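This report describes how two chains are arranged and what lies between them. It then turns to a helix and a loop residue.

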Number of protein chains: 2
Amino acid sequence: MSTKPAISFEVLARDGEARAGVLTTRRGPIETPVFMPVGTAGTVKGIRFEVLERELGAHIILGNTYHLWLRPGVDVIRACGGLHSFSGWQRALLTDSGGFQVWSLGALRKITEEGTEFRSHVDGSLKFLSPEISMDVQAAFGSDIVMAFDECAAGDAPPDVSRKSMELTARWANRSRLRFDGLQAEELDAGRTEATDLLSGAQALFGIVQGGAHQDLRRESLTRTVEIGFEGYAIGGLSVGEEKSVMWDVVSELAPKMPAHWPRYLMGVGTPEDLVEAVSHGVDMFDCVLPTRNGRTGQAFTSRGKMNLKNAQWTLDTRPLDESCSCSVCRRHSRAYLRHLYMSGEILASVLLTHHNLAFFLDTMRRVRQSIRSGNFKKFQREFTEGLDVYSRQNV
Amino acid sequence: MSTKPAISFEVLARDGEARAGVLTTRRGPIETPVFMPVGTAGTVKGIRFEVLERELGAHIILGNTYHLWLRPGVDVIRACGGLHSFSGWQRALLTDSGGFQVWSLGALRKITEEGTEFRSHVDGSLKFLSPEISMDVQAAFGSDIVMAFDECAAGDAPPDVSRKSMELTARWANRSRLRFDGLQAEELDAGRTEATDLLSGAQALFGIVQGGAHQDLRRESLTRTVEIGFEGYAIGGLSVGEEKSVMWDVVSELAPKMPAHWPRYLMGVGTPEDLVEAVSHGVDMFDCVLPTRNGRTGQAFTSRGKMNLKNAQWTLDTRPLDESCSCSVCRRHSRAYLRHLYMSGEILASVLLTHHNLAFFLDTMRRVRQSIRSGNFKKFQREFTEGLDVYSRQNV
C-alpha cells in the first residue's frame, strides 16, 4: 500500500481563524473554503453537470450513499464502473456514509452495536447498514472522499444519550477505518486513479466528530477521532433541530481545535450567512440542500436576502433576481418571468432558481476566499451579512 | 403602412415536392423545412433558451396564446414589453390563435358566430375568445408570426359539421385579417422592429385551412383562405384523432396546391417519420409537443426508433441513448443513468430526455434540408424510415 496520502491539503492564507487553501484530490484541486452542491441520487437536482462545471465552477459534489444504495443499488453502480462512470461526473465526489439519512428520513428501526436496521423508503424492504457495509458501498461507488459511518443523536439529546451515541460513533469510526484500509489494500475502490508524485490514487477517509450540544463530549469525540487518524475531520450532528446558538457554541469551540493540516468539514450547513460565520471559525468545507431544495420551492437566495417568488409583489418586476449577480439566469430572466414559471408549475422554474441559488452560494465562497487572501474577511463578512438584511427589513 | 412584407420566403432547392428554403422573419432567417419546439407557457418545457440557441440551433419556437392569455395574462406580458422581452427569448416566435387549445382541452362551452366561450383550466372563470381578441392578444405578445383564429372540427366529423366549421373558419379568417391589419396600422404590436430594406418590421399573419377529412371542403377552404391573403398558410385540424391514412390523403392532396411562394405549415404534427413524409409533400414548417412531452414521460426518440426508459432492459446498458447522436446528453450519459434518473423521479430525467429528443428532431430536419439540397431526399427518407424500425422489430 502506498505511503502517499490520498489527498493533500494546504492552507495558503489565514485571516483570524478563517483559512483559504487548496484541497487536492485524485480528481484535481479544489479551492477552500468550498461549498459542495448536494447530488443526492447521482444528480444535483435540476442542474446539468455541464453547467456545474463550466458556468458555476463546481469542482466537488456530494452523493448520498443511502439513496444510491437503495436506488439504483450498488450492483448497478458497480456494473457501470462506479459512480463517476455511471453518472458522467468526472470531478471529485464525496459520499456520506448513509447513517444520517437513515436517521433523518425516520426510516430507522433499530440501532445495535453491529449497525442500523431500517426500512427502505423506496420499497419498504428491511435493510441493514454497518461501518463495514458503508465502506464496501462507498468503495464500489469509487467516491474520492469517503465518510466514516457514524451515529447522530437528536440535537436536544441529554448528556447520557449523546455520550452513548458519541461512544458508538467512535467504535464505528475505528471499524470504518479498518475496513476502509482493507478495501484500499485490495484495490476494491472503483474510482482508483494512477498514483502521482503527490497522491496515492486511493480514496480518502474522513472521520466525524459527534457529541451533540455538549462541549465536553465534543472534545472527547474529537480526541478519539483524531487518535484513529483520518485525512479530514467533519463536525456532524449539527443543524438537526438544535438552537442556532448551540451550533455556534459548538463550532466556535471545536473547529479551531481540529487538526490544522487537514480539511475541516461542517456537515449539512447552511444558509449563506451560516457558511460565512463558520468560515470565521476555521471551517473549510460545506454541503447543504438549501440552494437546490429551496430553488424547487420558489425561493431565491440573493445578496439582499431571500425572495419568495410566490409573493405577488414580483408579478410585474422586470429586474433580475439579484441585481448584483452575473449568473446566466440573472443576465436573461426577470423576477416576473421566473414567478410566472413557478406559478405555472414549470420544470424550468426549478432549473433556473436552482442555478441562480447555486451560483450565489458558489460565488459567495469565491468572495470569501478572496477576502481571506486579501486580509479583508471580517469586513467582507460584515458587509455581506448587512446586505442580506435588506429584504427582511423591507418585510418582503 | 409599409408595403414591404413582414416576412420573406425563398425556396432554394426542390426534390420532388420537397422544398428547402429560407424564411426570413424580423428576428432573423430560419432554414426550412423547420421544426418549431413548442413553448407553451413562454418556456419550452424543461430546456433553457441558451441550450435551444447554442447547442440545438433552434431559430423559432411556438407560444400558446390560450395558456399565456390565462397565465400570466396579457396585462403582465404587455407590462413587461411583450413576450420576447418577458421571456428572454429574442429569436422568432410564432403564436397560435388559442382556438385549438380551447377545443383540445375540452374547456369549450359554446361556439357562436362571434367567438368561443370557455372555462379557464387555471381558475374555472368564464372566458371569451374571438378573432379580434386573439389578434389583440397576439399583438400584445408581439409574436413574429400570428395565426388566424380558426375553428377545428373533430377528425371524424361528417361533411355537414366539417362544412359549417370550415365556413366559420373562413369568416373568422377574414375578421382576423381585418383586425390584424388595423393593429399593425396603429403599431400596437409589442414586438415591432425597425423596417429593413426587405421587411416591414411588422407581424406576419398566417391563415389556416380547415375542412376535416373531406377533400372538397379542404380545397374550398384553401381557395377562400388564399383569397383573403396571408403571409403563410397552415393546414389545421389534422392529427386530431383521425386515421393516419386520412391525414396523408389530405396532406398529399392539399400541400402541393398551397401557394408555392409562401411557407406551408402543418400544425401539430408529428413523429419524426411524419415530418419527413410531410416534407415529401411540400410542407415547410412543423410544431409538435412529442419531443418535449414524451421526454417527460421517459420516452426517447432515436435513429433506431423509440425507447422507453421504464423498460428494465436498459438498467445496466452503458451505451448512449442513440449511438448515432452527438448531442451533449448522448456524449456524456448512459441509458442506465438516464433510466435511473427517470425511475427516481428526478427533474433531470425530463431535462436530459427533452434535450436529446429535441436534438434528434432538429438534427433530423437538418438532414432533411441537406438531402433536398443534394437531391437525395427520397434515399434519405427510405434509409431514415428503415432505421426507425430497428427497435420495433426487436420489440423493445
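## Symmetry and interface

In this predicted model, chain B superposes on chain A by a rotation of 180° with 0.0 Å of shift along its axis (RMSD 0.0 Å); copies are superposed by least squares on the C-alpha atoms of residues with pLDDT of at least 70 in both. That is the relation of a two-fold axis. The same surface serves both copies, as 100% of the contact residues of chain B recur in chain A; contact means heavy atoms within 4.5 Å. Of the residues of chain B, B:Ile347 comes closest to the rotation axis, at 3.6 Å (C-alpha).

| Item | Value |
|---|---|
| Contact residues from chain B | 42 residues |
| Contact residues from chain A | 42 residues |
| Area buried between chain B and chain A | about 3,400 Å² |
| Share of that area on carbon and sulfur atoms | 58% |

Buried area is the accessible area (1.4 Å probe) that two parts lose on being put together, summed over both.

Six salt bridges are found across the interface of chain B and chain A, a salt bridge being a side-chain nitrogen of Lys or Arg within 4 Å of a carboxyl oxygen of Asp or Glu. The side chains of B:Lys45 and A:Glu346 meet in a salt bridge at 2.5 Å, N to O. Several helices of chain B each supply at least two residues of the side that touches chain A, among them H1 (49-54), H2 (65-79) and H13 (347-373); helices (H or I, at least four residues) and strands (E, at least two) are DSSP runs, numbered from the N terminus. The largest share of that side, six residues, comes from H13(B).

Helix H9 (residues 272-280) of chain B is mostly covered, with seven of its nine residues buried. Buried means under 20% relative accessible area, exposed over 50%, and partly exposed in between (1.4 Å probe, protein chains only). The buried residues of H9(B) include B:Pro272, B:Leu275 and B:Val279. Just after H9(B), B:Gly282 takes a positive phi of about 100°.

B:Glu243 is found in the loop between strand S12 (232-235) and helix H8 (244-254) of chain B. At 58% relative accessibility, B:Glu243 counts as exposed. B:Glu243 and B:Arg54 are 189 residues apart in sequence and 38 Å apart in space, C-alpha to C-alpha.

## Conventions

Residues are numbered from 1 along each chain as its sequence is written, and chains are lettered from A and ligands numbered from 1 in the order in which they are written. Local features need pLDDT of at least 70, side-chain atom pairs count only at pLDDT 80 or more, and totals for chains, interfaces and linings use all residues, while side-chain values use heavy atoms, with hydrogens and water left out.
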